[in-house]
Amino acid sequence: MSNCAQSRLQLRDYALAVEDATNAIQLDFNNLKAYIHRAVANEHLERFERALEDLNHVVGLISCNEMRSFVLKKRNQLRKNIRNDKEAAAKEVGQCGEL
């Protein structure tokens, strides 16, 4: 299932990638690749908080330094995206109040 999720990512079918990764996780809660695939798919769907949850789950479980570095970098990027979204939403709310 995790490989299916990877294929869906390559095809840019992010919703099905999330579904395939979720199915893989249900079969094996320790499937780190599935969590990462689901995080990447959710990021593309702009579900940044869900993606961050998955990366937070795997960061403590990863032993490979290269993969750990990728996850930490991706996690920081997601935090920035979430912060930017909140700032943009606050700005929009402020502009609505000016009407």
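1. Of the 99 residues in the protein chain, 36% are buried. Here buried means a relative accessible area under 20%, exposed means over 50%, and partly exposed covers the range in between, with a 1.4 Å probe and protein chains only. The model is predicted: local features need pLDDT of at least 70, side-chain atom pairs count only at pLDDT 80 or more, and totals for chains, interfaces and linings use all residues. Residues are numbered from 1 along each chain as its sequence is written, and side-chain values use heavy atoms, with hydrogens and water left out.

2. The protein chain contains five helices and zero strands, in the order α-α-α-α-α from the N terminus. Helices (H or I, at least four residues) and strands (E, at least two) are DSSP runs, numbered from the N terminus. The C-alpha trace spans about 50 × 30 × 20 Å along its principal axes.

3. The accessible surface of the protein chain is about 6,600 Å², and carbon and sulfur atoms contribute 49% of this surface. Such areas come from the Shrake-Rupley method with a 1.4 Å probe; for residues, only the protein chains shown count as cover. Among contacts in the chain with a separation of 6 or more, 43% join residues 24 or more positions apart; a contact means heavy atoms within 4.5 Å.

4. The protein chain carries 15 positive and 14 negative charges, whose mean positions are 5 Å apart. Lys and Arg count as positive and Asp and Glu as negative, while His and the chain ends are not counted. Each charge is placed at NZ of Lys, CZ of Arg, CG of Asp or CD of Glu.

5. Two packed helices are described by the angle between their axes and the distance between the axes. For helix H1 (residues 2-10) and helix H2 (residues 14-27), the axes come within 8 Å and cross at roughly 170°. H1 and H2 are therefore roughly antiparallel to each other. The H1 side of the contact consists of Ser 2, Cys 4, Ala 5, Arg 8 and Leu 9, and the H2 side of Tyr 14, Leu 16, Ala 17, Asp 20, Ala 21 and Ala 24. Axes are lines fitted to C-alpha atoms, for helices over the stretch in contact, and angles run from 0 to 180 degrees between N-to-C directions. Angles under 35 degrees count as roughly parallel, over 145 as roughly antiparallel, 65 to 115 as roughly perpendicular and the rest as oblique.

6. Arg 12 lies in the loop between H1 and H2. Its phi is near 60°, a positive value in a residue other than glycine, and Arg 12 is exposed at 65% relative accessibility.

7. Asn 31 sits in the loop between H2 and H3 and is buried, with a relative accessible area of 18%. Apart from neighbours within four places in sequence, Asn 31 contacts Ser 2 and Ala 24.

8. Glu 43, in helix H3, is buried at a relative accessible area of 12%. With neighbours within four places in sequence set aside, the residues in contact with Glu 43 are Phe 48, Ala 51, Lys 74, Gln 77, Leu 78 and Asn 81.

9. The loop between H3 and H4 holds Glu 46, which is not a glycine but has a positive phi of about 60°. Glu 46 is exposed, with a relative accessible area of 59%. Arg 47 lies in the loop between helix H3 (32-44) and helix H4 (48-59) and is partly exposed at 32%. Beyond its neighbours within four places in sequence, Arg 47 contacts Val 18 and Asn 42.
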